[in-house]
Amino acid sequence: MNRQAQAAVLFLLGASLLHAATTDLYLRYVKQGLRPLVLVSGAVLIAAALATAWYERKRTRSRKQAQARARHPVAEHPDAKNAHAEHSDAEHSHPEPRISWLLVLPLLALILVAPPALGSYSATRTGTALQEPLAYPDLPAADPLPLDVVDYAGRAVYDHGRTLHDRRIQLTGFLALDRDGTPYLVRMALNCCAADAQPVKVALTGQVPPVLQPDTWLRVTGTYTPRRTKDPVNGGPIPFIEVTEAKPVAEPTDPYDESWNG
């Protein structure tokens, strides 16, 4: 892979990052707050590509001038002849192996394939990552009260539902089925990027739809119940919600839950 090809790959990668950051595609990889860094990274890669192309063009022009002087030799100082000889040797150096073109494959994957968000397969093979909240802010008086899955689970487990009593609660997440068929409403919570995403699960009881397909997104309305279970993967606590209504919904633009990042 010569320098011109390297510049092309850098440019395409930078353009891909800019495209991802100016759409919602970047949310498949990193959390929402990292959008400026993705934009800057794309711009830096494009600048590096243009600089590489400019340098290679200048280098090619110098090589052609040297070849022209070689075809029309003039009396030169011995040091100059040695310099030309070294330059000629450099021109005949071995090219990079063709296997280096495999570096283009991840780029093509980034451009052509938008990866799906992590779903039930990951959720059922990873233990719940529920963490005790640092505080329990006051909740608005909405009815039903929309909450993040992470927020509901934290209040239900560690605050024993004190702020959830006598409230109709609305949660949105995707479905995952435990080995014994217990349905979970799940959101994948992340700290930085999709690579560190971990599930937070709320078990469903009450008026649960009889036919459930994993990875279906649901908006459930229900009430707090003190019932809990243990995650079969890591033994972590999983609270229940008493479902009174459940409706399928479209997958949200940002499928990950970032609420535990503040």
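Is Asp-151 buried, partly exposed or exposed? Keep that in mind as you explore this predicted model.

**Stop 1: helix α6.** Select Asp-151 and Arg-155. Their side chains meet in a salt bridge, with 2.8 Å from N to O. The two residues are four apart in helix α6, so about one helical turn separates them. Now for the opening question: Asp-151 is partly exposed, at 25% relative accessibility, whereas Arg-155 is buried, at 1%.

**Stop 2: the largest nonpolar core.** Next, select Tyr-152, Ile-169, Leu-171 and Ile-241. Among the 24 residues of this core, these four touch the most other members. Helix α6 gives the largest share, six residues, and the strands β2, β3, β4, β5 and β6 each supply at least two. Zoom in on Ile-169: beyond its neighbours within four places in sequence, its contacts include Leu-145, Tyr-152, Val-220 and Ile-241. Apart from this core lies another one, of 14 residues, including Ala-123, Tyr-184, Met-188 and Ile-238.

Stop 3: Pick Arg-168 and Asp-143, whose side chains form a salt bridge at 3.2 Å, N to O. Arg-168 sits in the loop between α6 and β2, and Asp-143 in the loop between α5 and β1, so the pair ties together parts 25 residues apart in sequence. Arg-168 is partly exposed, at 38%, while Asp-143 is exposed, at 57%.

**Stop 4: a buried bridge.** Finally, select Asp-231 and Lys-201. Their side chains meet in a salt bridge at 2.8 Å, N to O, and both residues are buried. Asp-231 is in the loop between β5 and β6 and Lys-201 is in strand β4, so this pair links parts 30 residues apart in sequence.

Methods
Residues are numbered from 1 along each chain as its sequence is written. This is a predicted model: local features need pLDDT of at least 70, side-chain atom pairs count only at pLDDT 80 or more; totals for chains, interfaces and linings use all residues. Side-chain values use heavy atoms; hydrogens and water are left out. A nonpolar core is a set of buried Ala, Val, Leu, Ile, Met, Phe, Trp, Tyr and Cys residues joined through side-chain atoms within 4.5 Å. Buried means under 20% relative accessible area, exposed over 50%, partly exposed in between (1.4 Å probe, protein chains only). Contact means heavy atoms within 4.5 Å. A salt bridge is a side-chain nitrogen of Lys or Arg within 4 Å of a carboxyl oxygen of Asp or Glu.
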